[in-house]
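Thanks for coming. I will go through one structure today, strand by strand and then helix by helix. Please keep the sequence and the model in view.

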Amino acid sequence: MSTQPSAQTSIGAHVEQTDPVAEAIARETTLVQFFLGDPQGYKGPEVRFDGGAAALRAAAEEAGVDLYVHAPYIVNVATTNNRIRIPSRKLLQQHMDAAAEIGAKGLIVHGGHVNKDDDPAVGFDNWRKAVEATDIKIPLLIENTAGGDNAMARHLDRIAGVWDAISAAPNADQVGFCLDTCHAWAGGIELGDAVEKVRSITGRIDLVHANDSRDDFDSGADRHANFGQGHLPPDEFAGVVREARAPVICETPGGAAEHLADFAWLREHL
């Protein structure tokens, strides 16, 4: 199978949530990602677009812009801590409902982690339970993360554990994968064969978070950099995007001008 990119490889960015459609137009792109509400709070989703969810959905459809929603960072459905896991499941469902209401193409959520002395298998099974308990209305995309020895989605063997567990859920086909290049690098996953190895585990890559890394390989540090200004080998970075054959979201610093420069850098290297 060819790993050459389509001329129409879609490259967008994470943007401010008040008017994602205007942010997309400013970046001359057809896809954007954003939060719905506070990424660090349990309050629940909030559509800040003027006119609410229906108006945002209509505006995005009219402009031909695909929307992706990132769930709050605090969501951790894997943990054994009931005071975190139970609210996390509730928050995940709330964001799933809100993302579906605006017509989003996917809801991205971090893999979470268990506590230091916990058996990772408990976290894997908690993921299965969360998937079974969630009314999945649009693709739920689990994202690999950069740090933590107890993380569910930093290392390939843990990602495999999560996938094996959730495969038992009747709605497992609605769960996909978001591959973050900075997180992979900082988490200790070699970029050269990352796509092949991830796809051999998950069977799919639905979205790429394209980010350079301010820190070294296997540093565990989740600090994004603009393209060509971090530690990722440019050829391997571009190779991930090329081989994944999935829409691309840049979560890099700056506004429209910086993102347009990142888009140009990536297209040049593809």
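Helices (H or I, at least four residues) and strands (E, at least two) are DSSP runs, numbered from the N terminus.

Two words on the source. This is a predicted model, in which local features need pLDDT of at least 70 and side-chain atom pairs count only at pLDDT 80 or more, while totals for chains, interfaces and linings use all residues. Residues are numbered from 1 along each chain as its sequence is written, and side-chain values use heavy atoms, with hydrogens and water left out.

Back to β5. Strand β4, residues 106-110, pairs with β5 in the parallel sense over 4 bridges; two strands pair if DSSP finds at least two bridges between them. Val109 stands opposite Ile142. Between β4 and β5 the chain passes through helix α4, residues 120-133, in a right-handed β-α-β crossover. Right-handed means that, with the strands pointing away from the viewer, the path from the first strand over the helix to the second runs clockwise.

β5 also pairs with β6, again parallel and over 4 bridges. There, Leu140 stands opposite Val175. With α5 included, β5 and β6 form a right-handed β-α-β unit. Helix α5, residues 156-166, lies across β5 and β6, at about 170° to β6. Angles run from 0 to 180 degrees between N-to-C directions, and axes are lines fitted to C-alpha atoms, for helices over the stretch in contact.

Now the whole sheet. How many strands close into the barrel? There are 8, in the order β1-β2-β3-β4-β5-β6-β7-β10, with parallel pairing. Neighbouring strands of this sheet are turned by 30° against each other on average, direction ignored. Strands β7 (residues 207-210) and β10 (residues 248-250) run parallel and are joined by 3 bridges, with Val208 partnered by Val248.

Last, helix α8. α8 lies across β6, β7 and β10. Helix α8 (residues 234-244) packs against α9 (residues 256-269) at about 90°, with the axes 9 Å apart. The two are therefore roughly perpendicular, a term for angles of 65 to 115 degrees. Phe237 and Val241 are among the α8 residues at this contact, and Trp265 is one of those in α9; contact means heavy atoms within 4.5 Å.

Definitions and conventions
Parallel < 35°, antiparallel > 145°, perpendicular 65-115°, else oblique.
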